[in-house]
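Please read it with the model open.

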Amino acid sequence: MKKAFRGGVSGLWSVWLCGFALIGFSFYATQRLPSLKDQITRSTSSQRVAGVSEPPRIIIFSAPRPFSGSVGVRQSLALRSWLALSPEIRVVLFSKDPSVVSFARGLGSRVVVDRSIDFTFLGTPFFHSMMARTWSFSPDISVLVDPETIVLPDFISTLNYAYNLDDDWLLVASSQNVSYFPFYLDEDGKHWQRKDGKSIRTHKLQEIIRQSWQRTPCEQKLLMAWNSGDLALYSGVLPPFLYGRGVHNSWVTNEALSSELRFVFDASWTISSLYLIGEGHLNNWTVGASNASIFERRNWEYAGNFHLGALYGSLSHHETNYSSLVKLLKCDGQYSFVNKTRNICSSAYRRAGLGSRWKKKSLALVEGVKSQGHLLDCTPMVPTTSSEPFDYPFSLETLLELNKDKNKTIVLAAAGYSYKDMLMSWVCRMRHLQITNFIICTLDQEIYEFSVLMGLPVFRDPVAPSEISFNDCHFGTKCFQKVTKVKSRMVLKILKMGYSVLLSDVDVYWFENPLALLSSFGPAVLAAQSDEFNKTGPINLPRRLNSGFYFARSDSATIAAMKKVVAHAASSGLSEQPSFYDTLCGEGGSYRVGNNRCLEPETNLTVHFLDRDLFPNGAYLGLWQRKNVRAACVKQGCLVLHNNWISGRLKKLERQVLSGLWDFDTSTRMCQAQL
């Protein structure tokens, strides 16, 4: 590799590319659709004034890993190389890691950290969420690049050329991989220097990079850029790929070519970009250094991306021939496009093709390009379906240790596949409230695999009931009776492991995090929602304890009482809810104390029925029937609102969606923007 850095510019390169004087001006002309003003707006600073084209507004997007160790060193050099390209360059880093925020703060206002995208519970960014977010910044040119990829200034001249094309376009460029790069930026971050401290001119550095070209697989380290035109990059919806876990770059390129909405070309020969190969080089977004060994490989994340690539789009059954991709070249300061398949070379390449007079003039140059192995001409990672299930490599014990809060408290939910959309809305609400100490018990294999793909902290119940009905598992059904008993068993199991539990059904909408208030109740107190609908009177009447929302401490009294509840429910033909009341408050309410408590005499556990103004059920005050449910609840001071007292899954779903208390976009599989 070192010898390659000392070599001269390839003679063959000079013969083929510099032997022809390519003339002509860009005459791209395509029929454009009306501007989609709601999606994309050009910056006023980039408008042509008095016939003068000003530089485009460029934003580079990336999702770095934590800035620590050798990964942090490589990312630091890469990011500083981006800023050195131009003082006008802006950088957006998608991350919620404190080390990324700290590093960005030291680089000034040109670098911002955006944590508003979706992440898995382990911190891996969702690629589809990243792509959607880039459009909201409305740059003239968006660039997506790997956080360890060093980019040199010929990148800017390439983008300036592409910006003036009269077309909507998508540019892709593969990066070189090197094991040795003895150059660094000076303290000001403006000039490159050799290892010995001597300066090196940028064009000389770019020549050295070209000499040492090593082609990489097209899925790895692919740089993508596109202008904010009127057209989408591709038809259809981008699946919820995980960033850096394969397939997604090939998927976007393939769908963009198949859709034919934009001009797609390869600029690998006009952009100098590279990345260093380090020992143990892994694309991990680990939640904590102490857990690094557990998640070293994350094979399930790669398997998930391959599954999605095979399921959506045409990549798995219509593999694009990347050798036919139009190439952008540069010789003696002039750019030209080359289509190897059609033997076309032109400084003004139309998607529709050129006349025969161009073919004769440039045939030799095209043949020269064909003889080179430097272009992005590789086989994409074609996904295939797999019969192997998606499995997390960790147990319930591991999940609890990962997700607990400082008080060893866990928020527990349970769901089957029929409630997957409501589960995701609940999860999105947790994310909006920055609540991370939740885990989910899955009731069937379908919801488990769905949850793994969506990056949720899930575990299976080994004895969950089978044949759970999709539409007939609401309150009062046999299915409901079986499912509810899973929850109390899981709560007891987690309590015995030393963790306090807030059990929340996924149809409970959270306005605020109630844990601070619930934790204020002392030991040997179980705080539960009341299902009483009358505005006045006692709220602890018989069968008015709602087992869909309660807080239980991990103490001896609570554990003993929960054992009695679980045993009672196991022998009952009803759901677990009557077992809670009859066990803890006595049949007919014989253990009631006052209007809002019960005292179980054997375990000395107090049941506190929560204030319904703060924790209203679905029938209290007719809140779900208000014209503006959110405003009514906020005015009242609700911490949560239970979407119960309604029969049927579809009716429940419809009521919640129409009320606006919904945080998940089912069409894009992304959390909706926070209100």
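1. Cys441 is buried, at a relative accessible area of 1%. Buried here means under 20% relative accessible area, exposed over 50%, and partly exposed in between (1.4 Å probe, protein chains only).

2. On the basis of the note: this is a predicted model, where local features need pLDDT of at least 70, side-chain atom pairs count only at pLDDT 80 or more, and totals for chains, interfaces and linings use all residues. Residues are numbered from 1 along each chain as its sequence is written, and side-chain values use heavy atoms, with hydrogens and water left out.

3. The whole structure holds 2 disulfides. A disulfide is a pair of cysteine sulfur atoms within 2.5 Å.

4. Cys428 and Cys671 form a disulfide, S to S 2.1 Å. The S-S torsion is about -85°, so this link is left-handed. Cys428 sits in helix α12 (residues 420–432) and Cys671 in strand β28 (residues 670–671), so the bond ties together parts 243 residues apart in sequence. Helices (H or I, at least four residues) and strands (E, at least two) are DSSP runs, numbered from the N terminus. Both Cys428 and Cys671 are buried.

5. Cys585 is bonded to Cys598, with S to S 2.1 Å. Their link is right-handed, with 105° about the S-S bond. Cys585 lies in the loop between α17 (576–584) and β23 (592–593), and Cys598 in strand β24 (residues 597–600), 13 residues apart. Cys585 has a relative accessible area of 0%, and Cys598 is buried with 0%.

6. Cys638 is buried, at 3% relative accessibility.
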